[in-house]
Amino acid sequence: PRPPPAPPPSAEPEPETKLFFSLGAALGSGLTPRLELGPAASVVFAPARHVRLGAWGALFLPHQYGAAPGLSLGHDSAALLACGMPLSGSFSLGLCGNAAFHSWRSRGISLPHPESRQTATWTTGLAVRAEWRLVKQLWWVGSVGADLAPRPLYFYFTPAPGGESVLFRQQRVAPALFLGLTAGLP
């Protein structure tokens, strides 16, 4: 007699990813006069299948504004975020809310007595987050959204004869994009 067929091997489900460590780039507009680009990183914890909690930060590359005289402006940003991910699995999609702290360093250029200033503010925002599994624990993670400033700041420099030369007044709504290669841990 023929032995009974062996049962098919049981496929073990992939363990759920609990931590996401992302390194990538951020692109922003509206908080400075030009489009901003810089390195960014995030750490996100998934306490439940459809929930993400974490932190995000970016160091935007400084730009020079205004024909000499003018100013050099650098921008750093850090945010706490909370996301609901109704679509989850190998491709996850959801909505995130964030509260961010922004810091700017400005320095007058081509002035006899350049001034350095530091300015800070906070924003709140919403973004759509997408997570796409490439292989076991390697993901692409991206988000696109907008931050809302409670009050717009303006950036200026003081030319040699005195007075103020206003270079830029922030927009109230600032679009933002993040894309990162992500390592996930179960």
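**Reading the disulfide and the fold**

At 7% relative accessibility, Cys-96 counts as buried. The model is a predicted one.

Q: What is a disulfide, in general terms?
A: It is a covalent bond that joins the sulfur atoms of two cysteines.

Q: How many disulfides does the structure hold, and which residues form a disulfide?
A: There is one disulfide in the structure. Cys-83 and Cys-96 form it, with their sulfur atoms 1.9 Å apart. The cut-off for calling such a pair a disulfide is within 2.5 Å.

Q: Which parts does the pair tie together?
A: Cys-83 belongs to strand β4 (residues 70-87) and Cys-96 to strand β5 (residues 91-109), so the link ties together parts that are 13 residues apart in sequence.

Q: Is the link of Cys-83 and Cys-96 right-handed or left-handed?
A: The link is right-handed, with 105 degrees about the S-S bond.

Q: Is Cys-83 buried or exposed?
A: Buried means under 20% relative accessible area. Cys-83 has 6%, so it is buried.

Q: What does the secondary structure of the chain come to?
A: The chain has zero helices and ten strands. Along the sequence the pattern reads β-β-β-β-β-β-β-β-β-β.

Q: What share of the contacts with a separation of 6 or more comes from residues 24 or more positions apart?
A: Such residues account for 58% of those contacts in the chain.

Q: What percentage of the chain do buried residues make up, and what does the accessible surface come to?
A: Of the 186 residues in the chain, 37% are buried. The accessible surface is about 10500 Å², and 68% of it belongs to carbon and sulfur atoms.

Methods: Residues are numbered from 1 along each chain as its sequence is written. This is a predicted model: local features need pLDDT of at least 70, side-chain atom pairs count only at pLDDT 80 or more; totals for chains, interfaces and linings use all residues. Side-chain values use heavy atoms; hydrogens and water are left out. Helices (H or I, at least four residues) and strands (E, at least two) are DSSP runs, numbered from the N terminus. Buried means under 20% relative accessible area, exposed over 50%, partly exposed in between (1.4 Å probe, protein chains only). Contact means heavy atoms within 4.5 Å. Accessible areas come from the Shrake-Rupley method with a 1.4 Å probe; for residues, only the protein chains shown count as cover.
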